[in-house]
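Morning, everyone. Please have the viewer open. We will go through a few spots one by one.

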Amino acid sequence: MKFDTPATTNPIDQLKVIGRPTDRIDGPLKTTGTAPYANDRHDVAPNQAYGYVVVAGIAKGRVTAIDTSRARAAPRVLAVVTAQNAGPLGKGIFNVAALLAGPEVQHYHQAVGLVVAETFEQARSAAGLVRLDYELAPGAFDLSTASASAVKPKDGSSGPADAAVGDFAGAFAKAPVTLDATYTTPDQSHAMMEPHATVAVWEGDRLTVWTSNQMINWSAGDLARALGIAREKVRLVSPFVGGGFGGKLFLRADVLLAALGARATNRAVRVALPRPLMANNTTHRPATIQRIRIGCRRNGKIIAIGHESWSGNLPGGAAETAVNQTRLLYAGANRMTATRLAVLDLPEGSAMRAPGEASGMMALEIAMDEMAEKVGMDPVKFRVLNDTQEDPEKPGRPFSQRQLVKCLELGAERFAWNRRNPRPGRVRDGRWLVGMGMAAAFRNNLVTRSAARVRLDNRGVLTVETDMTDIGTGSYTIIAQTAAETMGLPLEKVAVRLGDSTFPVSCGSGGQWGGNNSTAGVYAACMKLRDAVAEKAGLDPAQAVFADGQVRGGDRRLALADIAGDAGLVAEDHIEYGDLDKRYQQSTFGAHFVEAAVDAATCEIRIRRMLAVCAAGRILNPKSARSQVIGAMTMGVGAALMEALEVDKRRGFFVNHDLASYEVPVHADIPHQEVIFLDETDPISSPMKAKGVGELGICGVAAAVANAVYNATGVRVRDYPITLDKLLHGLPA
Ligand code: MOS
C-alpha cells in the first residue's frame with residue numbers, strides 16, 4: 001500500500017479496538033515468567049553448550065600473543081575460538097568496531113575470544129585461563145581535550161552536520177539580551193534489564209540464532225555478512241526483548257561468537273554477555289559538549305539562535321546529533337547549528353533512546369530557562385512567544401501537526417504552575433528547598449517501510465506475522481488491536497507472531513518509529529485481506545462491512561471463518577511512504593513539568609511530582625503509550641541526577657560498568673507521574689494517524705529537572721548529572 005496522500009476516514013477510525021487502554025496481550029507470559037527470552041531457550045535445541053566471552057584488558061593496541069593451551073586443557077572445554085582460528089570474518093554494515101577483535105584492539109573489553117564448555121561455570125573458569133599479551137598504543141579518551149581537534153563529520157541520515165539561515169553572528173552581536181553558555185552531558189549506558197544473549201544452532205550450512213534484538217532484518221543481514229554466508233542461510237529469532245533502548249539495534253558480540261562457537265563444536269551454543277562486560281563491550285550514548293547562544297529582543301522574541309555540539313567516537317563512528325531539534329523547535333530569523341566529531345578510543349558510541357534530541361534537549365531547554373529569566377519572562381510564556389508554525393529553516397514548509405503551545409499551556413494549568421515562585425531559593429518546606437521547572441519536549445517522527453502477512457483460518461482466527469519486535473513497548477498489543485479493528489474481529493481472535501527473520505520485513509523497533517509504522521504495515525496487509533475475503537464471498541470490496549467476525553454486503557452476511565474455509569486466506573503487503581515527510585515536517589511535541597525538593601543541608605535531591613503532556617498523533621493504546629512515557633520520564637530523571645559512565649582517562653574505559661555503580665532511578669526515586677495525551681490525529685503520518693511516543697517521553701525531562709533544581713536552590717548546574725557536590729557551594733544560607 002502506497003501512502004502518499006494524507007489519510008481520509010478509514011477502518012481504524014472506528015476506534016472500537018484502537019485507542020482503548022487494552023492490557024498487554026503478552027502480559028500473562030511476562031508476569032508468569034514464561035515469555036521465552038533468549039537466554040531461556042533451553043527448548044530450541046538439545047545438548048546446549050555454554051560460551052564465555054574473553055575480552056581485551058586494554059583500550060587500544062595489539063594482542064601480541066594469545067595462549068589458549070591451559071583453557072583448552074581445562075575440564076570439559078570443547079573449543080576456544082579466537083580471531084586466529086575463527087576463519088575469515090566479514091564486516092557488517094552497522095557495527096564500527098569488530099565484534100571479534102584480534103590482533104588489533106579498538107576498545108576496552110572488546111571481545112577477543114570465546115571459550116565453549118559443557119557448563120557455564122566450566123566455560124567461565126576456563127576463560128580465566130586464557131593468557132593475553134598486549135602491546136599498548138596511546139589513545140584519546142578525554143572529550144574535553146579531543147574536542148580541540150574535532151572535525152565536521154559527513155552529513156548523516158538525520159541531517160547535515162552544519163546548517164545556517166540568515167546572519168547568526170551579526171544578529172547575535174546586535175541583540176540586546178544574549179546568553180552564551182556551555183553544557184555537558186556524560187556518556188550513558190542503556191542499562192536495559194535483559195543482557196544481550198544468544199543461542200546459536202547450525203544445521204548443515206544453515207544458522208539459526210535465538211537472540212535479543214530490536215532490528216531483525218538489519219541484524220540477520222549483518223550476521224550473514226560477518227560470517228560470509230548467504231542471507232537466506234541465516235534465521236534470527238527474537239520474539240521477546242527485555243529492553244533495548246538502542247543497545248540492541250545491531251548485532252553484538254554474543255550473536256557472532258555463539259555462531260562461531262556452535263560452528264567450532266557442532267553443538268548448540270549459548271552465550272550471554274555478563275553484566276560487567278556490557279558497558280564497555282557494547283555501545284553507549286556518547287558524551288557531548290554543547291555551546292548554545294541565544295539573542296533576544298527585550299520583548300523576549302528570539303532573533304538569533306546558535307547551537308554547537310562536540311562528541312567523540314571511534315574512527316568511522318558517527319557524531320551525536322545533539323543540535324537537530326534546535327533547527328526546528330523555536331522561531332528566530334538568524335540561526336546556526338554545527339556538529340563536530342572527535343576521535344576517541346572509548347567503546348563505540350551509538351544510538352540510545354532519542355539519540356540526538358535526548359542530549360540536545362538536555363542543553364537547549366536549560367538555555368531556554370536561562371534566557372527566560374534574562375528577559376524577565378515566565379519560562380512557559382517565553383516558549384509560547386517563540387513558537388513557530390513552520391519549519392524555521394524553510395519558511396512555508398509546514399509541520400504536519402504542531403500543538404506545542406497547547407501542551408505547554410495545558411501542562412501549566414494542570415501542574416498549577418502559577419504557584420511557582422519565579423525567584424529561586426525562596427520556597428521552604430521544612431528542611432527542603434522546593435522548586436518547579438519545566439521544559440518543552442520534541443522528537444521527530446520517522447516514517448519507514450514495514451510489511452506484514454495475515455492469515456485467516458476456518459476458526460475465524462487471524463494470525464499476523466511480521467519481523468517487528470516488542471522491546472517492552474507493547475508492539476504485540478497494538479498490532480493485535482490494529483488487525484482486530486481492520487478486520488472487524490474481537491481481540492481474542494487475533495494471534496500475533498513477531499521477531500522472526502522468516503516473517504515479512506518490518507520497520508523494527510528504533511527511533512520511536514515502531515508503533516506507527518509497524519501497525520501501518522499490518523493495516524496494509526489487512527486491507528488486502530479484506531479484498532480477498534470480499535472477492536471470495538462475491539461481495540463488492542468497497543461496500544463490504546467487516547464487523548463482529550462477519551462480513552456484510554447488501555442483505556448477505558457471512559462469517560469470516562466460513563469464507564476462509566479449510567484452505568484459509570492469506571494476504572501480505574507493506575506500507576510504503578511517498579514524500580509527505582519531505583513536504584511536511586513530522587515531529588512529536590510535549591511539555592514536561594517537575595517539582596523537586598533539595599535538602600537545604602545535604603543537597604539531596606528528591607523529585608516530588610512530574611507531569612508530561614504529549615502531542616503525538618493518535619494514541620493507539622493509552623495504557624501502553626503511558627507506560628512508554630512514564631518509563632522515558634524515569635530515564636530522564638536518571639539522566640538528570642544519576643547516570644554517567646565515568647571514564648578512566650588514562651586507561652580508556654568506563655569504570656562503573658555494572659548496575660551496582662552505574663546508578664539508575666528506582667521506584668522510590670519517582671513518587672508521582674502523570675501523563676496527558678492531547679486528543680489529536682495526524683493524517684499525514686500514516687493511515688494509523690499515529691506518531692511515536694517512546695522517545696518523546698525522555699526529551700526535555702532532564703532539563704525540566706535541572707530547571708526545578710535551579711528554582712529550588714538558585715544554583716545553575718550546566719554539567720550533568722546534577723549531583724549533590726555541584727550544589728553545595730551555592731545553597732542559600
Ligand atoms: Mo532507538 S535509540 O533507535 O532504539
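How many bridges join β8 to strand β16? Four, and the two strands run antiparallel. Strands here are DSSP runs of E, at least two residues, and helices are runs of H or I, at least four, numbered from the N terminus. Two strands pair if DSSP finds at least two bridges between them.

A word on the source. This is a predicted model, where local features need pLDDT of at least 70, side-chain atom pairs count only at pLDDT 80 or more, and totals for chains, interfaces and linings use all residues. Residues are numbered from 1 along each chain as its sequence is written, and side-chain values use heavy atoms, with hydrogens and water left out.

Back to the strands. V165 stands opposite R335 in β16. Both strands belong to an open sheet of five, in the order β8-β16-β15-β14-β9, with mixed pairing. At the edges sit β8 (162-165) and β9 (177-185), each pairing on one side only.

Is L620 buried or exposed (over 50%)? Buried, because its relative accessible area is 7%. Beyond its neighbours within four places in sequence, L620 is in contact (heavy atoms within 4.5 Å) with residues including I18, I478 and M688.

Methods: Buried means under 20% relative accessible area, exposed over 50%, partly exposed in between (1.4 Å probe, protein chains only).
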